[in-house]
Amino acid sequence: MDGSGLPQFIATGITQGAIYALVAVGFNLVYSATGIINFAQGEFVMLGGMFAVTCYSMLHLPLALAVVLPIAAVMLVGAGVHYFTIRPLRRAHLLTLIMVTVGVSVALRGLAKVVWGADAYPLPPFSAGESLSLAGANINPQSLWVMACAAATGAALTLFLRCTLQGRAMVACALNRRAAQLVGIRVERMHMWAFALAGGVGAIAGSVLAPIALPSYDVGLALALKGFCAAVLGGIGSNAGALLGGVLVGLLESLGAGYVSSGYKDAFAFFVLLLVLLLRPSGLLNVPTRREER
Amino acid sequence: MKPERTAWRRPAGLTAFAAGVALVGLLVRNPYYLNVAIFVGIHALVAVGLGLLVGWAGQISLGHAGFYGLGAYASAILTTRFGLNPWLALLLGAAATGLVAFLVGKPTLRLHGHYLAMATLGLGLIIQIVFNQADRWTEGPSGITAIPYLYLAGLPLNTDSRFYFLVWPLVLVALILAGNLTDSRMGRALRALGQDEGAAAAAGVDVARAKLGVFILSAVFASIAGSLYAHYLTYVSPSPFGFTFSIQLVVMVIVGGAASVWGPLAGAALLTVLHQVLANAAHQWAFLDGLEVVAYGVILVLFLIFRPQGLVAGRRAPRALRLTRPA
């Protein structure tokens with residue numbers, strides 16, 4: 001039953017890649033609004049997964065509710081991170097802000113360990129059913145959920161940023177902070193929304209991933225790093241780039257683990273990160289590097 | 001900027017510091033305290049180098065644990081496999097680490113923004129994966145044992161107090177080097193660069209080259225510290241050289257104060273001692289277990305918000321380099 005060979009590697013790679021893409025989309029949200037590389041993004045994913053399993057197996061909520069509630073909860077966490085740590089430093093150097101998110105991520109990971117311990121918790125798949133057999137690859141239903149969520153989230157965010165007043169205001173902050181302020185946009189509030197949305201996207205990734213890879217307090221770091229590779233590979237700031245980069249990193253990992261060496265599986269993504277930074281720092285989609293304005 | 005007015009401070013400070021170091025080394029006999037002091041010294045060597053990068057080039061490295069590890073493994077492999085003289089191994093390790101830093105820094109430091117942070121992050125992770133996986137050379141996760149002691153004038157540095165008197169004079173040398181660097185032509189170039197990159201470039205400072213020089217220097221400091229670590233413990237394994245330690249090093253620099261030569265030393269001392277205290281406390285009271293990590297994160301965030309210049313605010317550093325901008 002267990003598929004192997006090229007089709008299976010590709011299927012596994014795309015599933016994993018969809019998760020990285022979701023993490024990368026979260027990075028983009030914060031980066032394009034504020035210029036900050038939010039190292040706590042992986043912790044948002046971890047919290048999403050942990051809240052989901054807590055709602056489901058400890059509070060015995062129905063699965064649908066146990067998946068949706070964490071999204072709101074982590075959005076609150078994201079907004080809180082902005083309100084308590086980023087906002088007081090709004091005049092600080094960008095480097096300081098990036099270090100703050102590193103500190104937040106360390107603290108959140110530590111807290112999660114205190115609250116949930118070092119165990120991993122299970123969550124049932126969103127829909128029951130046999131795995132799908134496609135061109136020699138076994139794809140379980142949860143993989144389809146992962147891919148659908150990544151595509152839907154990417155599309156919804158793009159629509160939000162292009163077609164709603166709120167979204168366009170957020171883009172305006174990213175393009176030129178001062179000009180946005182002059183036309184009456186509350187830049188700080190937009191930044192808070194960016195963090196909240198990044199939390200929401202992280203929570204979606206966390207709960208949709210939970211049935212495949214059991215969440216534990218320490219999953220955030222690896223996901224953040226791979227998602228970061230995906231974002232840089234696609235061109236940081238671009239959601240299409242995030243999806244492309246995510247899938248490429250996922251494929252590379254799965255094919256590399258299958259054909260080259262499973263021990264070096266994690267190194268491939270970082271190697272690509274280095275290569276992209278050295279050769280084409282604007283990413284595959286050639287997103288112009290952001291002008292530092294602070 | 002009037003260096004001559006404060007020039008006397010540093011020799012006086014350094015002399016007092018050297019006397020303090022010697023006193024501690026001669027009076028403290030408790031091996032546990034000496035052990036902690038040696039680790040403070042080793043960490044301080046890395047932190048002083050990293051402080052130059054953060055404080056003066058305005059760049060950050062999230063992979064310094066990797067450079068530290070390269071030094072440690074270079075010493076371990078060259079001495080146990082090839083029977084090289086430990087001092088020669090230390091120098092070769094430092095040269096190799098400098099070369100790696102050059103290869104990564106050269107292209108990334110040309111760019112504006114924080115690409116070095118991203119590149120070093122990836123590099124540090126790859127280095128640790130290689131330590132774990134290349135077991136033909138590194139013995140994998142179990143690590144390399146039986147690394148020989150360093151010898152100084154025919155004397156094996158196999159006790160805590162002997163090693164103490166190797167590490168701390170080296171810290172002193174590093175401090176003097178760092179201080180002289182900030183007073184040198186390159187230091188002035190870096191200072192100018194920190195205030196206004198465009199103006200510095202217009203005045204003839206090769207911005208990318210100055211940053212690259214500091215980055216390589218900081219990697220070499222880390223490598224030497226790593227070699228000392230390997231010869232002190234006579235054992236290396238991959239786990240201390242990961243992302244967590246890279247972050248701890250950055251915390252040391254920021255908490256101590258990146259704009260001052262003394263800052264990273266203070267940060268290394270505080271964080272290393274705090275680590276011991278928290279570990280002991282967690283050992284006694286089980287409920288504290290795990291809160292140590294939370295404490296790191298909270299300390300870092302609180303410092304960045306309320307005292308971004310760190311414990312030791314640099315007198316000579318331009319405002320822009322105190323990791324904050326004037327309001």
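The exercises below, each with a worked solution, concern a predicted model of a complex.

**Exercise 1. Confidence**

State the ipTM and pTM of the complex, then find where confidence in chain B is lowest and where it is highest.

Solution. Start with the complex: the predictor gives an ipTM of 0.80 and a pTM of 0.85. Next take chain B, which has a mean pLDDT of 84, with 91% of its residues at 70 or more. Then go to its helices. Helix α1 (residues 3-6) of chain B has the lowest confidence, at a mean of 48, and helix α4 (residues 64-82) of chain B the highest, at 94. Last, look at the stretches under 50. Residues 1-5 of chain B stay under 50, and the model has 1 contact for them beyond four places in sequence. Residues 316-327 of chain B are also below 50, yet this stretch has 36 contacts in the model beyond near neighbours in sequence. Where pLDDT is low, the predicted coordinates should not be read in detail.

**Exercise 2. The side of chain B that touches chain A**

Describe which elements and which classes of residue make up the side of chain B that touches chain A.

Solution. Begin with the count: 37 residues of chain B are in contact with 38 residues of chain A. The elements of chain B that give two or more residues to this side are α5 (86-108), α6 (115-133), α12 (243-256) and α14 (291-306). Of these, α14(B) gives the most, with 10 residues. Sorted by class, the residues on this side of chain B are 26 nonpolar, 10 polar and 1 charged.

**Exercise 3. Two helices of chain A**

Determine how helix α1 (residues 6-34) of chain A and helix α9 (residues 219-234) of chain A are arranged.

Solution. Two packed helices are described by the angle between their axes and the distance between the axes. Here the axes come within 7 Å and cross at roughly 75 degrees. Angles of 65 to 115 degrees count as roughly perpendicular, so α1(A) is roughly perpendicular to α9(A). Now list who takes part: α1(A) contributes residues including A:Y20, A:A21 and A:F27, and α9(A) contributes residues including A:L223, A:K226 and A:F228. By class, this contact has 10 nonpolar, 3 polar and 1 charged residues.

**Exercise 4. The largest nonpolar core**

Identify the residues that touch the most other members of the largest nonpolar core.

Solution. The core has 209 residues, and A:A21 and A:C229 touch the most other members. By element, α1(A) gives the most to this core, with 17 residues. Finally, follow A:A21: leaving aside neighbours within four places in sequence, A:A21 is in contact with A:A150, A:G154, A:A230, A:A242, A:L243, A:G246 and A:V247.

Technical notes
Residues are numbered from 1 along each chain as its sequence is written. Chains are lettered from A and ligands numbered from 1 in the order in which they are written. This is a predicted model: local features need pLDDT of at least 70, side-chain atom pairs count only at pLDDT 80 or more; totals for chains, interfaces and linings use all residues. Two residues are in contact if their C-beta atoms, placed from the backbone, lie within 7 Å. Helices (H or I, at least four residues) and strands (E, at least two) are DSSP runs, numbered from the N terminus. Ala, Val, Leu, Ile, Met, Phe, Trp, Tyr, Cys and Pro count as nonpolar, Asp, Glu, Lys and Arg as charged, and the others, Gly among them, as polar. pLDDT is the predictor's confidence in each residue, from 0 to 100. Axes are lines fitted to C-alpha atoms, for helices over the stretch in contact, and angles run from 0 to 180 degrees between N-to-C directions. Angles under 35 degrees count as roughly parallel, over 145 as roughly antiparallel, 65 to 115 as roughly perpendicular and the rest as oblique. A nonpolar core is a set of buried Ala, Val, Leu, Ile, Met, Phe, Trp, Tyr and Cys residues joined through C-beta atoms within 7 Å. A residue is buried if 20 or more other C-beta atoms lie within 10 Å of its own, exposed if 12 or fewer, and partly exposed in between; C-beta atoms are placed from the backbone.
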